[in-house]
Amino acid sequence: METNHEDSWTANRLATVEPQWSPNLARGRELLDARLSGRRHSWAWMAAAAATAVACVAVLVLPGTRALAQELWYRVVLNRVDIVRLDLSKLPLHIQVTTNGLEQSVQNMDEAQRKTGFRPYLPSPGVLSTNPGITVTGPIAVEQTIHVRDIESALGKVGARDVHVPAEWEGVQLRTEIGPMVVANYPDDVHILQAPPIELSVPSGFALEHFAEVAFRSIGVSLWEARAMAQKFAANPAWLLDIPADALMNVQDVALRAGPALLIEDFDEKGAVKRATVVRSTSERMYCVNSRNRELSIRIANTLP
């Protein structure tokens, strides 16, 4: 991957799955890098990798089996997207990433549906003039283990010594599932990523709001801001995308025909738009539409159900 300012930031976000604790992280990084290769100038295509950081902040997980989930876990499907000006990679959790299927090219949407289990959508005829290349990737499972000592250490480093970390959190394992994903790649650097919503869960009885507040405090968020963010998240869990506080980006709500979405514009040092991404997540599908200008990205997103 060539080096530039944007790629440096993307690499920092991918550090969320850097193999520091478990050899499986290297496998996760390999797959995520494969997903990002060929789209190195696009901020939004780190979204799949950022989702692992989302999982950390959400402290939610996907259990190993459906039966276990029904009996012991509280499941959440994220149908809302939020942007936070934080570095979620600093969350003090032990992370293990495993994958189920490498990125591979497919011939058409029928084959993509057979491999992923959901029917991908393409823009309406006439919006884009050529047929895309299509790739699919199997699901990525992220498991986090809470270690009380690590959280207490992080809290101490940011001066949050007033926070109590319950001893019973020690060793609690949390998981999430991202994907499978389908990406339609068009000429002129236009890409459409879609996947089932991120499925998150917490162990039955786990204090989600309390943990979220502690997690935010551990990366330097103030008491009242962390509490407000935790309450908002617990009441309506969201897919959180983190961007640097000093990033040259415009983030705004947009109203599409199918519902609300976020528009994220990435600027160069001269203030010109480099990329424009529309992100929408519903109870059935997550979309990221990425191109070189906002009008095209919005027009494409407006044709998707």
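**Exercise 1. Describe the lining of the second largest pocket.**

Solution. The second largest pocket is lined by 14 residues, and R80, V81, P260, A261 and S281 lie nearest its centre. A pocket is, on a 1 Å grid over the protein atoms alone, an open set of points where a 1.4 Å probe fits, with protein on both sides within 12 Å along at least five of seven lines; lining residues have an atom within 4 Å of a point.

The model is predicted: local features need pLDDT of at least 70 and side-chain atom pairs count only at pLDDT 80 or more, whereas totals for chains, interfaces and linings use all residues. Residues are numbered from 1 along each chain as its sequence is written, and side-chain values use heavy atoms, with hydrogens and water left out.

Next, consider the elements. Strand 2 (81-84), strand 13 (259-267) and strand 14 (273-281) each give two or more residues to this lining; strand 13 gives the most, with four residues. Strands (E, at least two residues) and helices (H or I, at least four) are DSSP runs numbered from the N terminus.

By class, the lining has six nonpolar, four polar and four charged residues. Here Ala, Val, Leu, Ile, Met, Phe, Trp, Tyr, Cys and Pro count as nonpolar, Asp, Glu, Lys and Arg as charged, and the others, Gly among them, as polar.

**Exercise 2. State the strand order of the open sheet and identify its edges.**

Solution. Eight strands form the open sheet, in the order 4-5-8-9-15-14-13-12, with antiparallel pairing. Strand 4 (104-106) and strand 12 (249-256) each have a single partner strand, so one side of each lacks a neighbour in the sheet. Two strands pair if DSSP finds at least two bridges between them. Strand 12 and strand 13 run antiparallel and are joined by eight bridges; A255 has P260 of strand 13 as its bridge partner.

**Exercise 3. Determine how helix 6 packs against helix 7.**

Solution. Helix 6 (residues 148-157) and helix 7 (residues 208-218) pack at an angle of about 50°, and their axes are 8 Å apart. Helix 6 is therefore oblique to helix 7; angles under 35 degrees count as roughly parallel, over 145 as roughly antiparallel, 65 to 115 as roughly perpendicular and the rest as oblique. Axes are lines fitted to C-alpha atoms, for helices over the stretch in contact, and angles run from 0 to 180 degrees between N-to-C directions.

The contact (heavy atoms within 4.5 Å) is made by I151, A154 and L155 of helix 6 and by F211, V214, R217 and S218 of helix 7.

**Exercise 4. Locate the cis peptide bond.**

Solution. The cis peptide bond joins G179 and P180, with omega about 10°. P180 lies in the loop between strand 7 (173-178) and strand 8.
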